[in-house]
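Open the model in your viewer and keep the selection tool at hand. This tour moves from one selection to the next and says what is there.

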Amino acid sequence: MESERNEREEKNHKEPLEQDQKERQVSFTGRVLTIGFVGGLFWSLIGYLLYALNFTKIKPALVLSPWVVAEWKDKALGNWIGILVIGFLSMLVALVYKILLAKFKHMITGVIYGIVLWGIVFYLLRPMFPTLEPIQELGKNTLTTTLSLYVLYGLFIGFSISFEYDELTKARQEGH
């Protein structure tokens with residue numbers, strides 16, 4: 001009886017305690033994808049709010065316009081699905097930032113990235129979006145609101161990814 005208890009206690013001591021186990025580290029790319037998805041969701045939600053408050057003519061459902069012709073895309077459901085789609089597309093945007101700019105720690109890098117993204121969407125990709133008016137017809141409120149939103153989005157993506165890159169670099173240096 002005593003020997004059985006000793007064996008059980010011995011087994012219990014061999015198993016690592018929960019507080020002694022290290023947290024499983026998420027890969028840098030996994031963090032970048034999470035930053036992209038959360039950033040896309042958050043800033044497109046802000047964009048939807050700005051649309052609802054009439055600061056801009058652009059709504060999140062715009063992202064669906066090249067592929068969806070149904071009327072539901074112009075209603076709330078279309079905007080919510082648009083927000084989700086933007087979250088997933090934002091993961092790609094974050095990966096591009098990771099590959100090209102993660103090493104830069106300056107906030108201006110993210111701001112410029114946001115401006116470039118705005119230019120890509122409103123100039124280069126404009127033909128893809130049949131419901132997007134030409135820049136000259138959007139109005140000052142829409143232009144300044146969307147540009148500001150893209151700048152803040154770029155800053156969020158850029159700063160978050162650069163911070164994670166810096167933390168990873170520090171951890172690797174401390175480990176060696």
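Select helix 3 to begin, residues 76-101. This is a predicted model. The buried residues of helix 3 have cover that includes helix 2 (28-52), helix 4 (107-124) and helix 6 (140-175).

**The whole chain**

Zoom out for a moment. The protein has six helices and zero strands. Read from the N terminus, its elements run α-α-α-α-α-α. Of its 176 residues, 35% count as buried. Among contacts with a separation of 6 or more, 72% join residues 24 or more positions apart.

**Along helix 3**

Now colour its buried residues: Gly 78, Asn 79, Gly 82, Ile 83, Gly 87, Ser 90, Val 93, Ala 94, Tyr 97 and Leu 101.

Stop at Ser 90, in helix 3. Is Ser 90 buried or exposed? Its relative accessible area is 1%, under the 20% cut-off, so Ser 90 counts as buried. Follow its side chain. A polar atom there lies 2.6 Å from the backbone oxygen of Gly 36. Leaving aside neighbours within four places in sequence, Ser 90 is in contact with Gly 36, Gly 39, Gly 40, Tyr 153 and Ile 157.

**Across to helix 2**

Gly 36 leads you to helix 2, where Gly 36, Gly 39 and Gly 40 are among the buried residues. Others there include Phe 28, Val 32, Ile 35, Trp 43, Tyr 48 and Leu 50. The cover over the buried residues of helix 2 includes helix 3 and helix 6. The 25 residues of helix 2 should span 36 Å at 1.5 Å a residue, and its end C-alpha atoms are 36 Å apart, which agrees. Then step past the end of helix 2 to Asn 54, whose phi is positive, near 65°.

**The nonpolar cores**

Select Tyr 97, Tyr 113, Tyr 153, Ile 157 and Ile 161. These have the most contacts inside the largest nonpolar core, which has 16 residues. Helix 2, helix 3, helix 4 and helix 6 each supply at least two residues of this core. Which helix gives the most to this core? Helix 2 does, with five residues.

Centre on Tyr 113. Beyond its neighbours within four places in sequence, Tyr 113 is in contact with Val 93, Val 96, Tyr 97 and Leu 101.

Next, select Leu 62, Trp 118, Phe 122 and Leu 132. They are among the nine residues of a second, separate core.

**Aromatic rings**

The structure holds eight aromatic pairs. Take Trp 118 and Phe 122. Their ring centres are 5.0 Å apart and their planes meet at 25°, so the pair is stacked. Both lie in helix 4, four residues apart, about one turn of the helix. Trp 118 is buried, with a relative accessible area of 10%. Phe 122 is buried too, at 2%.

Trp 118 and Tyr 123 form an edge-to-face pair, 6.1 Å centre to centre with 80° between the planes. Tyr 123 counts as exposed, at 52% relative accessibility.

Trp 118, Phe 122, Tyr 123 and Tyr 150 form one aromatic cluster.

Note on methods:
Residues are numbered from 1 along each chain as its sequence is written. This is a predicted model: local features need pLDDT of at least 70, side-chain atom pairs count only at pLDDT 80 or more; totals for chains, interfaces and linings use all residues. Side-chain values use heavy atoms; hydrogens and water are left out. Buried means under 20% relative accessible area, exposed over 50%, partly exposed in between (1.4 Å probe, protein chains only). Contact means heavy atoms within 4.5 Å. A nonpolar core is a set of buried Ala, Val, Leu, Ile, Met, Phe, Trp, Tyr and Cys residues joined through side-chain atoms within 4.5 Å. A polar contact is a pair of N or O atoms within 3.5 Å; within protein, one must be able to donate a hydrogen and the other to accept it, and residues adjacent in sequence count only if both atoms are side-chain atoms. The expected span of a helix is 1.5 Å times one less than its number of residues. Rings of Phe, Tyr and Trp (its six-membered ring) pair if their centres lie within 6.5 Å; planes under 30 degrees apart count as stacked, over 60 as edge-to-face and the rest as tilted.
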